[in-house]
Structure formats: C-alpha cells, structure tokens
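Here's a quick briefing on how this fold packs together. Have a look at the model first, then run through the notes below.

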Amino acid sequence: MQQDAEQQVADFLDVLRFQQRVSPHTLANYSRDLAQLKQYCDLHGIPRWEDLVSQHVREHIASRHREGLGSRSLQRELSAIRSFLNFLVKRRQLTDNPARSIRPPKSPRKLPALLDADQMTGLLEGEQDNELEIRDVAMWELFYSSGLRLSELVSLEIQDMDLAAGTVLVRHGKGQKSRILPVGRCACRAIDRWLELRSRYAHSGEKALFVSSRGNRIAGRTVQLRLECWQRKLGLPEHVHPHMLRHSFASHILESSGDLRAVQELLGHANLSTTQIYTHLDFQHLATVYDQSHPRAKRRRSGSSMT
C-alpha cells in the first residue's frame with residue numbers, strides 16, 4: 001500500500017494509545033488485525049483505503065476463516081477494521097465505511113465451566129501451609145464472593161475494601177465502569193487474615209490489596225499460576241481458572257435467587273443478553289434434577305423389557 005495509507009494506520013493506533021488509552025493487549029490486537037488487512041490489500045493490488053469496498057472486506061474475513069481463525073477472533077478482527085475505517089470517515093479521508101454491513105460468522109455459544117457448591121467449599125477450605133497461601137485463599141474467596149474478573153481483582157487497592165460494611169469498590173470494571181459489590185463474611189475473614197500479613201511483603205507506598213512475594217502489585221498471570229498450583233495441591237481433577245470462580249458465583253446466585261437482573265448488576269454486564277447464558281446453566285441443573293426425580297422422565301434400566 002502507499003505510504004500515506006500506512007501513516008493513516010499509525011495515526012489511528014496513536015489515537016488508541018494516547019487518547020483512548022486502550023490496554024497494551026488491545027493495541028497489539030488492533031495493530032496485528034490491521035496488518036492482516038494491509039497484507040490482503042497488498043496481495044490484491046489495493047493501494048489506498050479509499051479503494052477498499054465491502055466485497056474486499058468480506059473476502060478478507062472469509063479467507064481468514066478458511067485459515068482456521070475462530071469466530072471470536074474473526075469478530076475482533078472485523079471490529080478493529082470497522083473502528084479504523086470509522087476513524088478515516090470521521091477525518092473525512094473516507095466517504096463511507098465499507099465494513100459497516102459485514103457480519104462475522106456466528107460463534108457457537110459454549111456454556112462456561114464451573115464448580116458446584118461442594119467443589120467450591122473444598123477449594124476454599126483447603127489447608128493453608130504458608131503466608132502466601134493465606135493470600136491466595138483470600139483471592140479465591142473474593143473471586144467467588146463477589147464475582148470479580150481477574151483484571152478487577154489485581155487492580156484493587158486497600159482503600160477499595162470496606163470490611164466493616166462488607167463491600168468492595170471495583171473502580172476499573174469493563175468499559176471503565178465502577179460498581180460496589182457485597183463481600184461475604186467468609187471472604188471478609190480471609191482478607192482480614194491477609195491484611196495482617198500484607199505489610200511483611202508490600203513495598204512502602206504500594207497501594208495494591210494483593211501483592212506478590214516481590215512486594216509489588218500481583219500480576220494476573222501470577223494469580224492464574226497460583227490457582228493452578230492450589231488445584232494440584234488439593235488434587236482437583238478439573239482445570240480451575242479465575243474465570244471459573246466468577247462463573248460459579250453467577251450460576252449459584254442465579255440458581256438460588258432466580259434474579260437475572262441482580263446477577264447482571266453484580267457481574268457488571270452492560271447487556272442482559274450476556275448474563276442470560278447462566279439461565280442455560282440453571283436450566284441444565286433443573287433438567288438433571290427432573291431426569292433423576294420425575295417418575296415419567298427416568299430412563300429404564302438396561303435389561304428391562306416391555307411387557
């Protein structure tokens with residue numbers, strides 16, 4: 001492509017970096033996705049973004065699909081392309097967005113994996129052999145008590161916790177939206193135990209609620225690895241990750257209350273449709289109970305015959 005076209009991409013990425021302050025992860029994804037589109041344009045002799053039409057975008061997404069790219073990745077790529085072309089439209093460097101009407105292939109909706117109440121109890125009540133495991137269990141308790149995302153948990157600061165009131169302030173939720181969440185007594189007790197030890201690890205001036213053995217704010221990857229170690233220590237057969245604790249929280253609350261709107265607020269979902277996946281989990285549980293208990297739903301035992 002022409003040098004001007006490459007500069008337009010650079011300008012767009014600068015806006016994301018300095019004005020919108022997107023995360024480094026998001027910036028890297030957008031940069032990679034637009035590089036793929038540029039590669040398509042180079043291959044098909046398209047020198048300027050003004051020469052790009054809807055059919056080109058459709059063919060590009062289709063070719064990426066044939067390469068084996070998953071539905072979610074294709075949706076993200078298309079979102080990056082739309083955002084970039086909208087940027088050019090706003091700057092009047094493009095008259096229309098050729099990606100506006102393109103729809104990505106639908107992704108199959110997978111039910112999230114979760115732990116049942118007994119498994120969660122076993123996970124949270126495992127014996128703690130050292131001070132860092134006391135910290136770890138405080139994190140697991142808070143994940144399950146308040147349904148936090150991993151990024152939300154590692155972003156917490158000491159001042160965000162109000163143990164007396166039993167609440168936590170999430171300042172940096174998805175979309176930079178904040179919310180106040182209840183914290184159960186078991187989680188409050190676990191966090192209180194950690195706070196008694198935290199000063200032995202945290203550097204002076206460090207505000208993070210959870211710190212690593214090096215004294216700095218704990219990293220998300222460290223949390224994941226510690227949970228994997230905890231899972232192996234307890235001998236749990238299923239791979240456990242932080243989001244599974246969030247899923248378990250949501251499913252158990254919905255199963256007990258039936259209040260989908262409340263679960264939406266607790267999870268910090270912008271759209272109710274995102275939360276509705278938990279109704280499928282709840283129905284799955286109800287269907288299992290039905291199959292096991294209803295006289296006309298039970299399957300005949302093998303070997304039985306009709307008379």
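**Loops, cores and helix packing**

Leaving out residues up to four places away in sequence, Ser212 touches Arg135, Tyr201, Arg217 and Ile218, where contact means heavy atoms within 4.5 Å. Bear in mind that this is a predicted model, with local features needing pLDDT of at least 70, side-chain atom pairs counted only at pLDDT 80 or more, and totals for chains, interfaces and linings using all residues. Numbering runs from 1 along each chain as its sequence is written, and side-chain values use heavy atoms, with hydrogens and water left out.

**Two loop residues**

- Ser212 sits in the loop between helix 8 and helix 9; helices (H or I, at least four residues) and strands (E, at least two) are DSSP runs, numbered from the N terminus.
- Ser212 counts as buried because its relative accessibility is 14%; buried means under 20% relative accessible area, exposed over 50%, and partly exposed in between (1.4 Å probe, protein chains only).
- Ala164 is in the loop between strand 1 and strand 2, and at 81% relative accessibility it counts as exposed.
- Ala164 and Cys188 are 24 residues apart in sequence, yet 8.7 Å apart in space, C-alpha to C-alpha.

**Helix 8**

- Helix 8 has 14 residues and reaches 20 Å from first C-alpha to last, close to the 20 Å expected at 1.5 Å a residue (the expected span is 1.5 Å times one less than the number of residues).
- Its buried residues include Cys188, Ile191 and Trp194.
- The buried residues of helix 8 pack against helix 6 and strand 1 (161–162).

**Nonpolar cores**

- A nonpolar core is a set of buried Ala, Val, Leu, Ile, Met, Phe, Trp, Tyr and Cys residues joined through side-chain atoms within 4.5 Å.
- The largest one has 43 residues, and Trp140, Leu142, Phe210 and Leu245 touch the most other members.
- Helix 6 gives the most to this core, with seven residues.
- Apart from it lies another core of 29 residues, among them Cys41, Trp49, Ile81 and Leu85.

**Helix 6 against helix 9**

- The axes of helix 6 and helix 9 come within 11 Å and cross at roughly 100°; axes are lines fitted to C-alpha atoms, for helices over the stretch in contact, with angles from 0 to 180 degrees between N-to-C directions.
- Helix 6 and helix 9 are therefore roughly perpendicular to each other (65 to 115 degrees).
- Trp140 touches residues including Val223, Leu227 and Trp230.

Conventions: Parallel < 35°, antiparallel > 145°, perpendicular 65-115°, else oblique.
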